[in-house]
Amino acid sequence: MIESILFNLMLVGFLGIASQWAAWRFKLPAIVVMSIVGLLAGPILGLINPEEVFGELYEPLISMAVAIILFEGSLNLDFREVRGLGKPVFRIVTIGAFLAWILGSLGAHYVAGLSWAVAFVIGGLFIVTGPTVILPLLRQSKLKPRPAAILKWEGIIVDPFGALLAVFAFEIINFLISEDATILKLVSFFAASLFAIVLGWALGRFTGFLFEKGHVPEFLKSPVVFALVLAGFSVSDQITHETGLLAVTAMGMTLANMHIASISDMRHFKENISVLLTSTIFVMLTASLTVDTLLEIFDWQIIGFVLLMLFIVRPLSIWLSTIGTDLSKREKILVGWIAPRGIVALTVSSYFASVLLDKGFKDASILTSLTFALVFATVCAHGFSIKWLASKLKLANDEHPGVILVGGSAFSTEFAKALRELKIPTLIADSSWQRLYSARKAGLPFYSGEILSEKTEYRLDMTPYDYMIAATELDSYNALVCTSFISEFGRNNLYQLNLRNQSGEDLEEMVHTIGGNIVFQDGPTWEELNKRVECGDVFRKTTVTEKYPFKSYMEDIEEGTILLLIQKPTGKVEFFRNEASPRVEEGDIVVSLTTRKKEMNKINERIAENNEAERNKEKESEKPSR
């Protein structure tokens, strides 16, 4: 094992990001891949042991990373998102959490064999389903807005409360068994929790004030936010262990509901930090486990407890807590199944294992093995099943990758018709009701509203759509739309029509840094596309086969044909571009905008022949008769 701190940091970071890439490339749950990679690098192959190498820095590093991840997740908790879902969410994070605590504690005592004291501590901790595991699963599964919002809100809100519930249970136990314990200690615990909430709220309001009044320059906003997050977490945690998580959650929710433009602008940076920290911390935690801990997992009591939590405790707590709400049976089944545990459960359980052992609870020695067994089982079971189950319950958008066309026009309408014939979900968005007339008349899905408005995020479900094409007559607006949606779609999936005016100094450099990719072969402009559609040009769909390869297709197409896109047999869409055209293979469907030149040539030839015949008749009639 290499003991260099620098090398271990590098290796952990590399393995974490490599796991994320492998999960994306092979469509696997990222958390599962990271856990397996950490186990291989740590206890199995013995390449690294972060806990041993980092020493006293190990726990503070993980705690700060968890605080930042939880803060980043809570920044997405805008109350407008849960309109109509307030009752189910409130029930799940209160009644559901309480039921999960009681049922989990009973299971820990009767099945896992833990004493009542240890069982109630670990039962409180096991209600958590934090953003480190929920958010990656939601990104992967493409759930519909309602179940996705419920799972996200539950994961982020219950995360700090689960840790606090474990602390509360421990304080109760300490009060009952310690001779020097007083009621004052219990009161101080609740006071510390209230202080953490107030501190988080105050830091959120203070940050918002600084940003709104312009007291912080743009380049310092992200550092200032993260410095205040760590300050709030550290101060609260110093007063009472685990209350820091409550402080950062309160701070994030406060900022999210102040609707400050600067915070929204930081979203892409915050997501990058969250992905990096999640990848690193999961590898660190799993790599720090020992072989003995892994072997303990195969004890029948631990296996029985994990199965109980999966198939009885979670579903039962959700079903009982949501009685009388408007959740459908399918939504209850999905939410009642998905409850992966993550970083908070692993880190806090190791803390309580050492504390409870010091208090004389010998059975606390299996807490680390028990927690890892539950974390790994839930991450694997829910990670591999969420997409399949959501699809079976019709709570996921499992159609082909969709396209949003921004800008109503004759071209947008006809292009949308062609895409719909290929079963590609298509939506035309425009702020003008009049420009949407042809789309409405054709019965195409449309959105009437400003796509850049903040309200659009809550009125328009963008989950079915993987691509966006800004196709308005304004070049600057197209560029602005593409730049604004980079964090949602990714730069490679954002397209805009070619610029009408391509003159100007350094314009070529600007196009690569602002806006989207110039779409369609030869980069036709808005005017050209609409003029051709209005003049009768048609969208043609041609399947490339072994007998009719793409080379033959290119030889046969008419001059002036614009190649638009190809659809793979899997349903994936790839657009033709000037910079990089897709590779067309057997089975692909090529969509093009084709002129009717051949038909016009035939008509013109017939007209010319008729004219020639008329002239010949006239000449014949003009000849003098003999």
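1. The lining of the second largest pocket comprises 17 nonpolar, 14 polar and four charged residues, where Ala, Val, Leu, Ile, Met, Phe, Trp, Tyr, Cys and Pro count as nonpolar, Asp, Glu, Lys and Arg as charged, and the others, Gly among them, as polar. The model is predicted, with local features needing pLDDT of at least 70 and side-chain atom pairs pLDDT 80 or more, while totals for chains, interfaces and linings use all residues. Numbering runs from 1 along each chain as its sequence is written, and side-chain values use heavy atoms, without hydrogens and water.

2. Tyr58, Glu59, Thr347, Ser350 and Tyr351 lie nearest the centre of this second largest pocket, and helix H17 (343-358) contributes the most to its lining, with ten residues. On a 1 Å grid over the protein atoms alone, a pocket is an open set of points with protein on both sides within 12 Å along at least five of seven lines, a cavity is a set where a 1.4 Å probe fits but cannot get out, and lining residues have an atom within 4 Å of a point.

3. The largest cavity holds about 100 Å³ of space, taken as that filled by probe spheres set on the points. Of its 14 lining residues, Ala100, Ile127, Glu154, Arg314 and Ser317 are the closest to its centre.

4. In H8, a kink of about 35° lies at Val158, shortly before Pro160, the bend being the angle between axes fitted to the seven residues ending there and the seven starting there. Of the 33 residues of H8, 24 are buried, that is, under 20% relative accessible area with a 1.4 Å probe, protein chains only.

Key: Helices (H or I, at least four residues) and strands (E, at least two) are DSSP runs, numbered from the N terminus. Buried means under 20% relative accessible area, exposed over 50%, partly exposed in between (1.4 Å probe, protein chains only).
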